[in-house]
Amino acid sequence: MNHKPVSNQTLAQLMSLTDTIAEAESPKQIYTSVADAAKSCIDYKLLTIMAFDAESMRVKRIYSSNPGAYPLGGDKGKRDTPWGRQVLIEGRPFISATEEDIRENFDDHNFIFELGLKSVMNIPVRIYGRTKGTLNFLNDVSVYDAQDLEWGLFLAAQLIGPVSIENNPDNIY
């Protein structure tokens, strides 16, 4: 696969992210740092992070780059859905660049379209073969490609610790 050269700005954002992960006093600091780092390598208009409760098959929003439109705490049931099986159970990313895919997979598709968003990339946050959450990118153009997916997978891996804490705040070790 051909990779674009990594810019100095991207390297600086990634170094800042590693510093934040090491020294953060709250998960929110890490989520914000991931969103900032993502700006340097993935084009997006909306970034959200969801925690996943496997027992109830629900995802709950724990970060939003646009909390006015997508506030914290919003949750969605994903039991018995193709998206839930692919992303949450099987741990495979979901990329959509068609209105039909978005309509079929997201109950809030009308709101997504009202915001002018036309493409989606959902990356599972996983450890030990289990999904703990998702890192979600939405954009107003169809832009997500293999390199975006690689960056998304890298950034999702940085979220394993804080998303796991969100799922079980009494057991951080």
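**Rings, a helix and a histidine**

So, ring pairs tie Y44, F137 and Y144 together into a cluster. Quick caveat: this is a predicted model, where local features need pLDDT of at least 70, side-chain atom pairs count only at pLDDT 80 or more, and totals for chains, interfaces and linings use all residues. Residues are numbered from 1 along each chain as its sequence is written, and side-chain values use heavy atoms, with hydrogens and water left out.

Back to the rings. I'm pairing Phe, Tyr and Trp rings (the six-membered one for Trp) with centres within 6.5 Å; planes under 30 degrees apart are stacked, over 60 edge-to-face, the rest tilted. The structure has seven aromatic pairs. Take F137 and Y144: their centres sit 6.5 Å apart with planes at 50 degrees, so that pair is tilted. F137 is buried at 0% relative accessible area, and Y144 counts as buried too, at 12%. Buried here is under 20% relative accessible area, using a 1.4 Å probe and protein chains only.

Next, helix α2, residues 27-39. Helices are DSSP runs of H or I, at least four residues, and strands are E runs of at least two, numbered from the N terminus. What do the buried residues of α2 pack against? Among the partners are α1 (8-23), β1 (46-53) and β6 (130-139). Those buried residues include I30, Y31 and V34.

Last one: H109, in helix α5 (residues 109-114). H109 is buried at 17%. Skipping residues up to four places away in sequence, H109 touches I102 and R103, contact being heavy atoms within 4.5 Å.

Notes. Buried < 20%, exposed > 50% of the residue type's maximum accessible area, 1.4 Å probe, protein only. Expected span 1.5 Å × (residues − 1).
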